[in-house]
Structures are given as structure tokens and as C-alpha cells.
Amino acid sequence: MLASFSELFVRRRVAARLATATVLAGLVAAGGLATAGPAAADDDTTRSQGGAAATIGGLKTYGAAVIHTGTGTGTGTGTDTGADSGADSGTGEQEISAGLFEMSVDGGGMLQTYCVDLHNPTQRDARYHETSWSSTSLGANKDAGKIRWILQNSYPQVNDLTTLARKAGVRGALTEQDAAAGTQVAIWRYSDDIAVDALDPQAEQLADYLEKHARNLPEPRASLTLEPSAVSGRPGERIGPVTVRTNAGSATVTPPADAATSGVRVVDEQGKSVTSTADGGQVFFDVPADAAAGTAELTVQASTTVPVGRAFASESRSQTQILAGSSESTVSATAGATWAKQGPVPALTAAKNCAEGGVDIIASNKGDEPFTFELAGLEHTIAAGESRTVTVPIQEDQAYDFTIQGPGGLKKRFTGVLDCQTRGSDTGTTTQTLSEPSPATVGGTSPDTNLAETGSSGITPLIAGVAIGLVLIGGTTLIVLRRREAATGK
């Protein structure tokens with residue numbers, strides 16, 4: 001039986017808390033500060049994608065898991081969870097927390113997520129935005145569809161734990177903590193390609209069942225996007241169209257803030273003012289014929305449940321999450337227009353391109369003259385009537401901050417952090433030489449435990465690895481490979 005998200009919140013028991021590694025948590029927090037990017041509100045790349053934006057609240061329902069760091073990789077490609085106890089240098093094992101995170105949605109709503117980036121820390125109160133798989137490590141993961149199957153066929157989407165236990169062949173009772181831990185472990189095996197087992201036998205049986213039966217499902221649609229998120233044209237004409245894509249029944253359309261003074265309206269194809277629309281609806285910017293060169297922005301907002309399997313990324317390098325459950329939540333997206341009577345009339349958008357290891361700047365020019373701009377030290381020219389994508393190579397885990405200026409007061413800033421790989425695939429190292437998995441910074445309510453006092457000598461290389469990582473992060477600047485494209489139009 002499928003459970004509503006609200007039911008799960010009411011009925012969920014308080015999870016058993018694993019001890020928090022305070023020494024390592026401090027190191028992780030420092031690492032988060034070193035790699036933190038600009039706030040999401042200043043990130044045009046994030047805002048143009050649309051969907052839900054949320055703040056992570058912490059690991060809420062979870063059990064224990066063990067990473068086998070000395071026995072090679074697992075069968076899939078892993079996730080993130082909270083690690084609260086140390087590694088055993090003799091056995092090559094590290095105990096961590098595994099389960100569900102909660103996020104509060106901007107404008108209202110709650111989300112439940114599992115992590116898909118085991119070796120990366122989760123930053124306390126980090127802000128996240130809904131995004132496509134291609135903008136995360138899931139884009140290059142051939143098993144990403146199996147993770148979605150696991151989400152749809154386990155807790156919390158299936159909250160009849162008796163039925164779930166029977167299907168999985170679990171011997172004994174299956175608690176919510178067991179179900180969350182087993183589901184997270186199965187996801188990690190496919191998201192991080194790591195050998196990991198649930199500590200509780202029932203949770204481990206569930207993880208094995210989910211891993212064995214998972215099959216690839218397609219990526220779910222976004223809760224709300226606008227295509228394209230930037231358009232351009234001449235005053236006196238309808239500029240667009242901008243097509244609304246959403247799983248909501250309807251969406252509210254808000255015109256530009258200065259519409260009363262500028263005269264810019266949001267209309268349909270017939271020129272009728274639009275205040276609401278639905279999936280597939282098209283809207284246009286109606287710009288007065290005597291308007292000076294300028295820009296405007298509209299907002300589309302809806303209330304809906306975010307589809308299970310949608311990725312959530314943070315611009316502060318907090319570990320990537322994948323959606324397991326959603327209440328009715330507020331989702332929004334923006335689209336901008338640029339216009340001028342003559343000369344270049346550009347439209348600019350950006351998107352992370354994990355396949356190419358960089359950021360795509362998508363530029364079009366509806367004017368009658370070429371549009372030339374500088375990006376990462378190189379000059380690019382978009383001919384009149386041309387559209388082109390310029391890919392800027394970015395080093396993994398590095399911040400980027402591009403500002404492109406154009407006529408009519410156009411100024412587009414694209415900021416973020418390129419986070420396309422899990423740490424395991426990026427470095428080939430284990431959790432013992434990397435930072436503690438995320439929940440060490442956001443985890444449970446039990447008294448903190450100093451990891452150095454757990455009796456494990458394996459913590460020494462772990463702390464050393466984190467310290468080295470922080471030095472490297474602090475001393476690294478944004479590197480942009482100066483690569484000319486075959487057709488720069490320069």
C-alpha cells in the first residue's frame with residue numbers, strides 16, 4: 001500500500017540515533033565552508049531550471065550500515081548517509097548511518113530523500129534545488145534507473161512494512177529504521193559502486209532483495225520547467241513562446257514586477273493576457289512598440305507533488321540527494337526576455353554538462369547584428385539569427401561564476417559548483433581516506449561521541465585524509481581550460 005507523505009510524518013517513530021563523530025564533523029564543516037558556493041538565490045543556472053527549492057533538515061529515519069573499505073567495490077554506485085562511528089583498521093570496515101533525510105520546501109511542503117554521493121559531506125541547512133540527472137553523477141550512471149525502481153518499490157513509497165517484508169523474504173519484523181537503512185544501502189550499491197551492508201539482518205535482507213530485483217526505469221519529468229527560460233526579439237511583437245512543462249494541474253503566471261509602468265504583458269498566442277496555464281501551455285512577452293531596449297522576467301508557480309526519483313543538488317557542494325517522497329509542495333520557475341529595436345538581441349541560459357565536464361552557455365541572437373561576449377577569457381561571437389552552445393570546461397568540485405553583459409541592460413550571472421562525480425569514482429579512494437559521510441554534520445540527537453575514543457586506530461588515516469583534502473580545496477582556484485571550439489565565430 002502506498003503511503004501519503006503526511007501519514008509517514010505522523011506515524012514515524014523516533015529513529016535510534018547513532019553517535020556523532022564530533023572531531024570529524026568539525027573537519028567536515030570546515031571543508032564545507034572552503035567549498036561553499038554563492039547562495040542559490042543569486043544563481044541564474046539554478047533558477048532557470050525550475051522546480052522545487054528546499055533546505056535540508058537532517059537525517060531523520062535511519063539505521064546502521066557498514067562500508068567494507070578493504071574488499072573492493074560493490075555492485076552498483078552508492079549514496080550518502082550519516083557516518084557516526086569509526087573505521088576498523090584491522091578489518092577495513094566503517095560503520096555509518098543509512099536512511100532518510102528531510103527537506104523543507106521554499107513556499108511550503110516537505111520532502112524525503114536518500115543520498116547518492118556517499119563520500120561527500122552534507123552541510124547543515126544546505127540549500128538544494130530540483131535538477132535533471134544529467135547535472136549530477138546520475139547522468140553518467142548506467143544504473144540510475146535502477147535507483148528509481150528501488151525508490152518506487154520500497155520505503156517510504158511502500159509503507160506497509162509487513163507486505164514489504166514478505167515480498168523481500170525478510171525473516172522477522174521490519175521496522176521503519178530497518179526499511180530506511182535497507183533502502184539506502186541498496187541505493188548506495190548502485191550510486192557509489194561500493195561494498196556496503198546494512199548492520200541489521202532484516203535491513204540487509206531488504207537491501208539484497210531490492211538490489212537483485214531492480215530494473216532500469218526512465219528519469220522522471222521535472223515538477224516544473226520553462227522551455228526555453230530565456231527568449232529575445234523586437235519591441236512591438238510577441239516574444240517567445242515559453243512552454244510550460246509541469247505535472248501540476250495548473251500553474252499561476254506572474255507578469256514582470258514593473259509591468260504597470262513598462263507596459264510589458266504576458267499573453268497567449270492570440271495576445272490575450274495570461275494569469276494561469278497548464279502543462280504544455282505557451283506564453284509570450286508582449287512588448288510595446290515604443291519600448292526602449294530592455295529586459296523583463298515572468299514567474300510561473302504551482303503546487304504539486306515532486307516526482308519520485310528527481311535529483312536534488314546543492315550549490316555549496318553538499319552531497320547530492322534523490323527524492324523518495326513529497327508532500328504537496330510549491331514549485332516555481334522563471335523566464336526572461338530581452339528586446340531591442342536594432343543591433344544584437346541575445347538570449348542566454350546555462351546548464352551543467354556533466355558528460356563534458358563543464359557548464360553549457362546557450363546563446364541565441366534574434367537581432368540584425370552579431371552579439372560578441374567574453375567568457376572565461378575567450379571571446380565568442382553569435383551571428384544574427386544564430387543559436388550556439390559554448391561549453392566552458394570546469395574542474396570537478398570547483399566553483400564557477402560567470403557574468404555576461406549585453407545590450408539593453410542585459411546582465412546574466414551564472415554561478416555554482418560542478419559536482420558531477422561521487423568521490424569514489426573521482427579519486428578511486430575509500431571513505432577511510434576521505435571525509436566522513438554526510439550525516440556526521442546533520443545527524444541524530446544522541447550524545448556526541450568523539451571518534452578518537454571509539455577504540456579504532458583507523459581514524460588516524462581518516463582525519464589525515466580530510467586534512468589533506470581541506471588543504472587542497474583551500475589552495476585550489478577555479479581553473480578554466482582555454483579551449484577554442486571549432487566554430488567560435490570569432
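Which residue in β17 does Thr295 stand opposite? The model is predicted.

**View 1. The whole chain.** The chain holds 10 helices and 24 strands. Of its 490 residues, 58% are buried.

**View 2. Strands β14 and β17.** Thr295 stands opposite Thr338 in β17. The two strands, β14 (residues 294-304) and β17 (residues 329-339), are paired in the antiparallel sense. Their pairing runs over 11 bridges. In a regular strand, side chains alternate between the two faces of the sheet.

**View 3. The five-stranded sheet.** Strands β14 and β17 belong to an open sheet of 5 strands. The strand order is β8-β17-β14-β10-β12, and the pairing is mixed. The edges are β8 (230-233) and β12 (276-277), each of which pairs on one side only.

**View 4. Strand β9 and its partners β7 and β13.** Strand β9 (residues 238-246) pairs with β7 (residues 224-227) in the antiparallel sense, over 4 bridges. Here Thr225 has Arg245 of β9 as its bridge partner. Strand β9 also pairs with β13 (residues 282-286), again antiparallel and over 4 bridges. In this second pairing, Val242 has Val283 of β13 as its bridge partner.

**View 5. Helices α5 and α7.** Two packed helices are described by the angle between their axes and the distance between the axes. Helix α5 (residues 161-168) packs on helix α7 (residues 201-213) at an angle of about 65°, and the axes are 9 Å apart. That angle makes α5 roughly perpendicular to α7. The crossing of α5 and α7 is left-handed. At the contact, Leu164, Lys167 and Ala168 of α5 meet Gln205, Leu206 and Tyr209 of α7.

View 6. Thr422 sits in the loop that lies between β24 (411-417) and α9 (423-427). Is Thr422 buried or exposed? Its relative accessibility is 4%, so Thr422 counts as buried, the cut-off being under 20%. Leaving aside neighbours within four places in sequence, Thr422 is in contact with Val116, Asp117, Ser137, Ser191 and Asp192.

Technical notes: Residues are numbered from 1 along each chain as its sequence is written. This is a predicted model: local features need pLDDT of at least 70, side-chain atom pairs count only at pLDDT 80 or more; totals for chains, interfaces and linings use all residues. Side-chain values use heavy atoms; hydrogens and water are left out. Two strands pair if DSSP finds at least two bridges between them. Buried means under 20% relative accessible area, exposed over 50%, partly exposed in between (1.4 Å probe, protein chains only). Contact means heavy atoms within 4.5 Å. Axes are lines fitted to C-alpha atoms, for helices over the stretch in contact, and angles run from 0 to 180 degrees between N-to-C directions. Angles under 35 degrees count as roughly parallel, over 145 as roughly antiparallel, 65 to 115 as roughly perpendicular and the rest as oblique. A crossing is left-handed if the near helix is turned anticlockwise from the far one by less than a right angle, and right-handed if clockwise.
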